[in-house]
Amino acid sequence: MKISYNWLKEYVDLNMSAEELANKVTLTGIEVDSVIHPAAGLKKIVVGYVEATKPHPDSDHLQLCQVQISADETVQIVCGAPNVAAGQKVIVALPGSRIANNEKIKKGKLRGEISNGMICALQEIGFSDDVTPQAYADGIYVLPATAEVGQPVYGYLGMDDAILDLEITPNRADALSMRGVAHEVAAIYGEQVHFPAVKLAEATKPASTVLQVKVDDVQDAPSYNLRVIENVTIKPSPLWLQRRLWNAGVRPINNVVDITNLIMIDHGQPLHAFDYDQIGGQTIEVRRAQAGEKLTTLDGNDHDLTPDDIVIANDTTALNLAGVMGGLGSEITNKTTTVILEAAVFEPTHIRKTAQRFNLRSEASSRFEKGVNRTDVLTALDHAASLIADLADATVLAGRLAPTAITPENVTVTVSTKRINQVLGTTITTAEVKAIFERLGFGVTEAAGVFTVSVPPRRWDIAIEADLIEEVARLYGYDRLPETLTASASTPGLLTPRQKLIRRLASNLEANGLSQALSYALTTADKAAAFKLKASQPTSVDWPMTVDHATLRMNLISGLLDDLAYNAARKQQNVALYEQGRVFLKQHATTVRPHELEYLAGAITGDWQLGAWNQPAQPIDFYQLKGIVVSVLAEFHLTTAPEFVATARHQDMHPGRTADILVGNQIVGFLGQIHPRIGKQYRLPATYVFQLDLEQLLALEAQLVVYTPVARYPAITRDVALVVDETVTNAALEATILAHGGAYLTDVHLFDLYAGRHIDAGKKSLAYTLTYQNPAATLTDAEVTTAFDKVIAVLETEHGATIR
Amino acid sequence: MSSLQEKLSALQKQGIEEIKKSDDLKQLNNIRVNLLGKKGPITEVLRGMRDLTKEERPAVGSFANKVRDALTDSIETRKQALEAAKIEHQLAQEKLDVTLPGTPIQQGTHHVIMQTVETLEAVFLGMGFKVVLGYEVEEEKYNFEKLNMPKDHPARDMQDTFYINQDILMRTHMSPDEARTLEQHDFSTGPMKMIGPGRVYRRDTDDATHSHQFFQMEGQYIGEQVTMADLKGTLSFAIRQFFGAERKIRFRPSYFPFTEPSVEVDISCFKCNGAGCDVCKHSGWIEVLGAGMTHPNVLKAAGVDPVKYGGFAFGLGIDRFAMLKYGIDDIRQFYQNDIRFLSQFN
Ligand SMILES: [Zn+2]
């Protein structure tokens, strides 16, 4: 809401600067976004009088104008505007002046002819296209004949004003008007508002002789009032009215339309003007639209109406979407001579729905949605009628046609000083509270610190105790409230074990060289469904902005691949990322709400070991990744060790380079290389990923860390190289060694893997170090040899191993 | 003095000369063997003691031992000097170019959004708040209805919503967690103090300042004696912890359906310090969070007596905090995960 400071001063006595006022209003309840001084930065722009014009000898569109710029000086100015003519008072930017955008105007020559400045259009001195009157949109602006030559133009154009741009929150719709803001400002400064009385002269002819009005359902239009105005002359509004409109951000159109807009800005009451001769008959009815009924609105769009829409109609046909937009057939035109003026209160919910459905949010509809000042409906109507009478030389017929009417009543709310101080943490006195309510213009009686407050309808946002406490707080001043840290019982502020563990996982991966990523949870249907650990149905939003963000992810890997692809496209080839976040899973397509599960995933592409002068680059491989995953899994301290089982079941993964991670019989995750087909889609080289279901891992049994004393006796090691069939796994060999290694075997460590020369085809050699230790005594060689020979024998029989 | 003693003196003098002149360890060793060995001149002199009288022998023997000790000491001293020189010479050959780069060790970084979340969590944990994580896919009633935003409430327009169906939606803010926690809280165990950080969703087109997904943190403190002064004290403390102790803070009235009185909190612009600049849109102030005293309707909806209990709630944009703190000008960077962006926040 743009508030003209000059206009506001007519309603409240104010003498502080606009900035000071803006700051105070902001700190008391309504945020002032900016203060604009329209003339700021402009210099030497004055009224000129065009004495004569003649065509430029060397141009087909320029004119040489003789312009009087002071009582005794006339100069030549070259002008290209199509509407420049002798006899006009115009805006002249003199040599040395500054116009909009800090542009400097100098004396100069245009195609050989001297130009002593510039004749300006409104836009050239800072007006936006939105408010420039249509007649002057493509040419220079013409000032009234009374404008005094040589004087600065700012006063004539309202540019000496200051405009406060107020950001009105939905609860303060009362401030969507000059008068509402005047009340607010008066309360802040302890001033009184003074609004000029409306003087309306009615003709003797009653309006009821030319128009019948009916409201079908009083709920739809609890207050519906029309006036009929005859002998209207449509013409441009006087400059004072146009100034008010454009300073409020509204484009002047013609006198009748401008007056309805002015009244809406002034009183907050939207009005509508119909052309009486175009409504088709002598009846106006407020009713619901019939299903299938059609209406073309002012903007030229056709709408199919429904019984949820309130319309203004004649006998048979809808004319208007009530409170939202007028119809194309009955709007005010230059030919209009009789005007029907409407001031109403419509049911907010229906207005809102209609405006939403047809995408026709307007200043009027948003005011009806949020409510209007019910005490001011008739005043606004009469104020408008009297202005039309004055400015359109018209006659207002006698009487309002008002089939429904409301009697606005004050609302009574109680609150005590004690309660106010209890909520605010203050020590405000009863007298201070009383003074605040009085400044707000509320009726107030007080007994023993308990207030009975009578709130006028112009503050329809106030209904309960909390509303009054807020009024006191803001007028007392938020800056005056003390700052305390509460004295109530202390509470432990601790992360849960689950929250702590998740933070540890993040630290672990970062220490391992992966950076944390946060990807979008809404993605494409395909990406959402890829890399699933478990079967799940997708969850999609009803009305996505784009297919790229339509379906909730069921895996974290797709998002990470998007990230890697984004990096690769920017020549960042070696990237290691992880993400911890939620996936959204559900078993049945009919379920609406998915389960939200915490997952952890990583994706690495390019070189894992970066090449340097002293080491070769090494691309990421399965075993590097497995080392990272094992390190992450170690954070869980599981009582059952995780197993890695080769799998080809993931269609988006490389069938030979992927393992499921099992704990007991639960699959808690997987790792491996992404399928080259997927890699191609994302334009990525060999890329390795893992994904873990943290919910399952967190639910598994974990063991506390138990300290074991460091052994005091030396350990003995034995190395063995086993030649086995290619198909025998390391896991199988290690399991056998551990199962048969005897009581003192403490560790099995694979230190070499070999296949090739010196080994038969189809065979491979694995070399292990076995470590033996007796915590209670020094082991003898003989004890170790016995145990070692036993294991070797089992390996030979169980796995067909030969010792190399 | 006997001739033997003279001989010994001469040997000592000559030996020390030679020792001093020796310039490597091998030569020194030869000198030692020549002088002090079994076939050396000193041994030979001592053999001549046989010819001395019984009375003469102790004096000469003692003298001979002194000579031997002097020579031994001298050799040892020379040996240490030669060894030190040798090591010094060797180390001089082992000089590195210390300006060559170290072997790269990969280190990941924590996402700046999560750093921001955790910094704020630490502040509130220290004040006795707990961290609660709710649902990203929420029921309409927790996202709106129970927060004093019934259907058709104009304030719903402030937040464009992704709906799954008419009852289920992507949460548009973190307030549903507050409503749920409030419903479950047992006030006989003390006040309820919680913060809830997480992802929220709005039906917005992504650009430099808008994102359909971003992070918020909300918090709530409800008890029997919690005042708006506590709101000011708590939030001032948290803001200064995050943005710096030198920031000026102002509280001004605002509107949220779920609080009354409602507050918006501004901090003095850290670019211009209040003078006015592009960052603060020439106001000198930057809006950082919204808060207020929990609306009685919200307490009632959760089954909490609004006469007995009251308190405050607040909400802030994590992305906005991070953007302000680091001067990040495009919100999309948080979710593109460009490694050149991520790795700056280490
Ligand atoms: Zn600034």
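**Entry 1: the zinc site.** I began with the zinc ion, whose four donor atoms subtend angles of 104 to 114 degrees, which makes the arrangement tetrahedral. The model I am reading is predicted. I then looked up the donors and found the SG atoms of C269(B), C272(B), C277(B) and C280(B), at 2.2 to 2.3 Å from the zinc ion. Along the chain, I noted that these donors follow the spacing C-x2-C-x4-C-x2-C.

**Entry 2: the domains of chain A.** I listed the division of chain A into domain 1 (2-37 + 161-189), domain 2 (43-143), domain 3 (202-404), domain 4 (411-480), domain 5 (497-699) and domain 6 (716-803). To the contact, domain 1 of chain A contributes 12 residues and domain 3 of chain A contributes 15 residues. I recorded a buried area of about 1,200 Å² between domain 1 and domain 3 of chain A, with 54% of it coming from carbon and sulfur atoms. Of the area that domain 1 of chain A buries against domain 3 of chain A, W7(A), L176(A) and R179(A) supply 50%, more than any other three residues.

**Entry 3: helix α2 of chain A.** I looked up which residues are buried in helix α2 (residues 18-28) of chain A, and found A18(A), L21(A), A22(A), V25(A), T26(A) and T28(A). In chain A, the buried residues of α2(A) pack against α1 (5-11), β2 (31-36), β12 (163-167), α4 (178-189) and α12 (465-476). I noted that they also pack against β6 (249-256) of chain B. After α2(A) comes G29(A), and I recorded its phi as positive, near 160 degrees.

**Entry 4: an annotated span.** I consulted the UniProt record, an unreviewed entry, which lists residues 408-483 of chain A as "domain: B5". In the model, I found the end C-alpha atoms of residues 408-483 of chain A to lie 41 Å apart, and the span to be 39% helix and 22% strand.

**Entry 5: one residue of chain B.** I located N65(B) in helix α4 (residues 56-93) of chain B.

How values were computed. Residues are numbered from 1 along each chain as its sequence is written. Chains are lettered from A and ligands numbered from 1 in the order in which they are written. This is a predicted model: local features need pLDDT of at least 70, side-chain atom pairs count only at pLDDT 80 or more; totals for chains, interfaces and linings use all residues. Side-chain values use heavy atoms; hydrogens and water are left out. UniProt positions are given in the numbering used here, feature names are shortened, and annotations may be inferred rather than shown by experiment. Helices (H or I, at least four residues) and strands (E, at least two) are DSSP runs, numbered from the N terminus. Donors are N, O and S atoms within 2.8 Å of the metal (3.2 Å for Na, K and Ca); water is not among the atoms, so sites may look incomplete. Four donors count as tetrahedral if all angles lie between 85 and 135 degrees; four count as square planar and six as octahedral if opposite donors are over 155 degrees apart and all others between 65 and 115; anything else is irregular. Domain bounds come from an automatic or database domain assignment. Contact means heavy atoms within 4.5 Å. Buried area is the accessible area (1.4 Å probe) that two parts lose on being put together, summed over both. Buried means under 20% relative accessible area, exposed over 50%, partly exposed in between (1.4 Å probe, protein chains only).
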